[in-house]
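Subject: Structure handover

Hi,

Here is the structure for you to open. My notes follow below it.

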Amino acid sequence: MTYADVILPLSLENSYTYRVPEDLEKSIAPGCRVIVHFGKKRYYTAIVIHVHQREPDSSYEIKTIHSLLDVTPILRRPQLKFWQWIASYYLCKLGDVYKAALPAGLKLESETVIMLNDAFEAKLPLRASEGKVLDALRVGEKLTISDLEKRTGVRNVLPVLSSLLSLGAIEVNEELKRGFTPKMQTFIRLAEGFKTEERLHEAFTDLKRAKKQEELLITYLELSHALNPALFKEVSQKELVESADAKLTTLKELFKKGILEGYEKEIGRLQVPVCRLKPPKVLTEAQLTAYNAIHSNFETHDVCLLYGATSSGKTEIHIHLIEEVMKMGRQALYLLPEIAITTQITERLAAHFGDRLLVYHSRFSDNERVEVWNKLLYANEPLLIVGVRSSLFLPFKDLGLIIVDEEHENSYKQQDPSPRYNARNASIVLANMHGAKTLLASASPSIDSYYNALTAKYGLVELPTRYSNTPSPEIIPVDLKELKRKKKMKKEALFSPLLIEKMEQALAKKEQVILFQNRRGFAPLVECKDCGYVPHCLNCDVSLTYHKRQGRLVCHYCGYSIHLKEECPECKGTDIRMMGFGTEKVEEEIASLFPAAKTDRLDFDTTRTKTAYERILADFDSGKTQILIGTQMISKGLDFANVSVVGIINADSLMNFPDFRAHERAYQLMAQVSGRAGRRETPGMVVLQTSQPEHPLIRMVMRSAYKEMVKLQLSERSMFKYPPYYRLITLVLRSRNETALRECATLYADKLRLLFGDRVLGPVIPVVTRVQTLYLRNIVLKIEIAASIASTRELLEKVYTEMQSVPSFRQIIFHYDVDPV
């Protein structure tokens with residue numbers, strides 16, 4: 001008897017064993033998908049990780065695999081090994097890794113469908129809601145629960161269905177949802193009887209009186225070169241009708257006469273850039289020195305950190321490295337922290353690599369992601385993949401190089417849901433599994449990476465000069481406190497006189513401006529001046545942010561929103577004030593100051609659709625937009641030639657945050673935003689508005705003193721036992737019951753101290769104490785870097801097992817966050 005151990009796409013720790021039917025024994029292999037029955041009635045797509053003949057030592061009934069979905073595995077062996085490492089290191093369930101790794105289009109699962117029992121006759125009068133549901137169901141029709149709710153308008157239809165099921169009025173079944181759907185398109189060809197010149201001549205004779213049909217046939221022959229097999233090209237129905245400027249009815253007449261016929265063909269959804277490929281540019285002397293140094297470092301290190309100034313030409317070095325790897329027949333992965341950057345970088349890479357370039361991120365539809373997966377799985381040529389952190393889970397065959405661009409970005413860390421992995425660190429492990437090299441690149445590297453380079457764990461290459469020796473932008477601090485004290489700037493004003501002056505000069509010269517404010521919305525706080533009332537979220541312990549365009553107060557944690565009322569709900573006063581400002585208010589102020597300038601905004605609110613990023617960036621790049629306002633999105637590696645002025649509107653908000661990494665992040669953000677200015681011939685200037693112009697961090701940003709900042713931060717972190725000297729593991733406890741949460745968190749921390757001693761901090765009440773109706777407590781564990789993560793996991797699991805015997809712990813939702821950012 002053959003058995004298979006499988007992983008399910010559920011938050012489960014272990015694999016599960018199923019019996020393999022005899023007819024599948026020769027076909028089934030690790031990495032294949034199978035449909036299995038799990039739980040009472042549900043079916044799921046499971047991944048086979050091991051096939052064996054050992055009979056399970058279990059008192060439970062061993063179920064049989066329902067069906068096999070793949071002729072060949074859709075996962076490669078290194079992928080399963082990588083999944084297991086993610087689960088082990090980040091202390092999460094293997095099922096969570098599976099859910100995150102595989103595109104939804106490759107996961108089939110069953111859904112409940114409702115059918116009418118046409119033999120049912122009611123013996124007692126039905127309730128109105130029951131009658132409404134029965135009226136919505138037609139004989140032989142199958143509806144999902146969500147379809148029924150839409151059709152009937154009944155909000156919570158489950159109790160009604162339960163009642164009807166007990167009466168025998170309906171039947172409930174589980175059906176597998178369809179996953180990936182190939183995209184089909186209609187193509188046109190000559191019918192078999194008209195493929196010779198003689199028969200076509202007869203066809204044209206017959207069509208002399210049907211000019212439209214004759215023109216359509218001529219257009220088809222011109223497009224397809226049907227009579228010349230060497231030049232033959234398939235023609236789609238859409239292309240033919242548009243080229244001939246004809247109607248579909250005309251084409252159907254040619255179908256009826258048997259001259260042309262249509263056929264369906266699967267086409268890819270992936271847009272292949274159509275352009276003449278360009279060779280990589282010749283590297284400058286500085287770039288060539290860095291390129292050779294990277295090669296030298298790769299001889300002794302698997303990981304190299306490229307610390308290069310903004311606009312130093314790091315991307316061009318990346319292109320040369322990728323070209324070299326692909327010539328060796330190996331694949332390359334180019335990781336980016338944000339989808340926004342993929343737009344610009346993709347255009348640049350497509351010019352060099354054409355259809356060997358694949359893009360992968362969450363803005364793609366499920367079907368598009370499946371196509372990328374399949375193309376990579378079955379590729380017979382070296383490919384370059386550009387994507388965000390989820391790209392690590394793709395089925396690489398022979399990975400030769402991973403480039404982690406803007407490696408300092410905390411966007412590389414997955415927050416929710418599990419697995420909470422850091423793509424920068426995970427990429428190093430993945431590369432090691434493939435025998436590949438990893439290049440980390442940044443103008444302001446993370447202190448962790450730079451420390452690893454200083455201690456020779458990584459190689460280090462520096463590229464301090466900008467491309468073509470373009471001067472770095474001048475950074476001018478503006479003391480807002482002093483300006484307001486001297487009445488040179490109104491208390492509520494956003495822009496200093498100097499910033500307004502520099503913007504006017506830039507716009508007069510047809511140059512562009514970027515304004516940075518790391519807060520979206522119009523105002524982060526709304527307050528009644530009469531009684532001090534501040535609207536708060538019902539689900540979270542935060543104030544609501546005012547979004548003027550929507551006219552609503554919105555919670556940025558759970559999405560809860562209400563309309564802004566003209567009077568205070570507490571005292572009925574009408575003196576409602578907006579406190580603080582976000583990107584929406586900046587946009588409004590700019591429109592009043594520069595009404596003739598075209599302004600755009602780049603933040604989460606304006607980039608919710610797949611093409612929004614591309615439109616905003618393309619408009620700014622082409623010069624249609626003169627002023628671009630944005631959050632941290634605009635700091636991430638974007639390259640604009642005509643930007644001469646960058647305004648950092650409120651530097652203080654970046655520094656004043658209760659986190660040991662606050663100053664590191666503030667420096668990186670200010671340095672990166674500053675780097676958007678003066679990237680070509682246009683000299684750049686940065687106006688940095690602050691109330692603390694003498695703050696050491698502000699002075700470091702002005703001098704580009706990155707190494708000085710690192711030295712200061714490392715001395716503090718060494719003293720207080722923070723990364724990179726120690727590893728942090730946060731235990732996050734959440735519950736609707738605050739009393740149970742407080743008691744369990746205290747008990748949990750006490751139990752941990754018995755094993756880990758003073759390495760345990762907490763329980764700590766976080767800055768935001770309640771999110772999405774759940775109260776929070778954190779317990780922080782500081783572990784020496786040299787300590788074994790496997791031993792730590794063993795001790796943590798021991799304490800977790802003990803906690804499960806505590807009755808109130810059942811009310812707690814719990815997870816680990818390893819290496820929090």
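At what angle do helix α7 and helix α9 pack, and how far apart are their axes? Before the answer, some ground rules. This is a predicted model, where local features need pLDDT of at least 70, side-chain atom pairs count only at pLDDT 80 or more, and totals for chains, interfaces and linings use all residues. Residues are numbered from 1 along each chain as its sequence is written, and side-chain values use heavy atoms, with hydrogens and water left out.

**Helix packing**

Helix α7 (residues 211–224) packs on helix α9 (residues 248–256) at about 85°, with the axes 9 Å apart. Helices (H or I, at least four residues) and strands (E, at least two) are DSSP runs, numbered from the N terminus. Axes are lines fitted to C-alpha atoms, for helices over the stretch in contact, and angles run from 0 to 180 degrees between N-to-C directions. The pair α7 and α9 is therefore roughly perpendicular (65 to 115 degrees).

On the α7 side, the contact uses Lys 212, Gln 213, Leu 216 and Leu 217. On the α9 side, Thr 250, Leu 251, Glu 253 and Leu 254 meet them. Contact means heavy atoms within 4.5 Å. By class, the residues of the α7 contact with α9 are four nonpolar, two polar and two charged. Here Ala, Val, Leu, Ile, Met, Phe, Trp, Tyr, Cys and Pro count as nonpolar, Asp, Glu, Lys and Arg as charged, and the others, Gly among them, as polar.

**Cores**

The largest nonpolar core has 118 residues. Such a core is a set of buried Ala, Val, Leu, Ile, Met, Phe, Trp, Tyr and Cys residues joined through side-chain atoms within 4.5 Å; buried is under 20% relative accessible area (1.4 Å probe, protein chains only). Trp 83, Met 670 and Tyr 748 have the most contacts inside this core. Helix α24 (residues 738–756) gives the largest share of this core, seven residues.

Leaving out residues up to four places away in sequence, Met 670 touches Ile 648, Ala 651, Leu 654, Met 655, Leu 688, Leu 697, Ile 698 and Val 701. A second, separate core has 30 residues, including Ile 294 and Leu 384.

**Backbone points to check**

- Ser 418 to Pro 419 is a cis peptide bond, omega near 5°. Pro 419 sits in the loop between β16 and α14.
- Gly 762 to Pro 763 is also cis, omega near 10°. Pro 763 is in strand β31.
- Ala 456, not a glycine, has a positive phi of about 65°.

Best regards

Conventions:
Buried < 20%, exposed > 50% of the residue type's maximum accessible area, 1.4 Å probe, protein only. Parallel < 35°, antiparallel > 145°, perpendicular 65-115°, else oblique.
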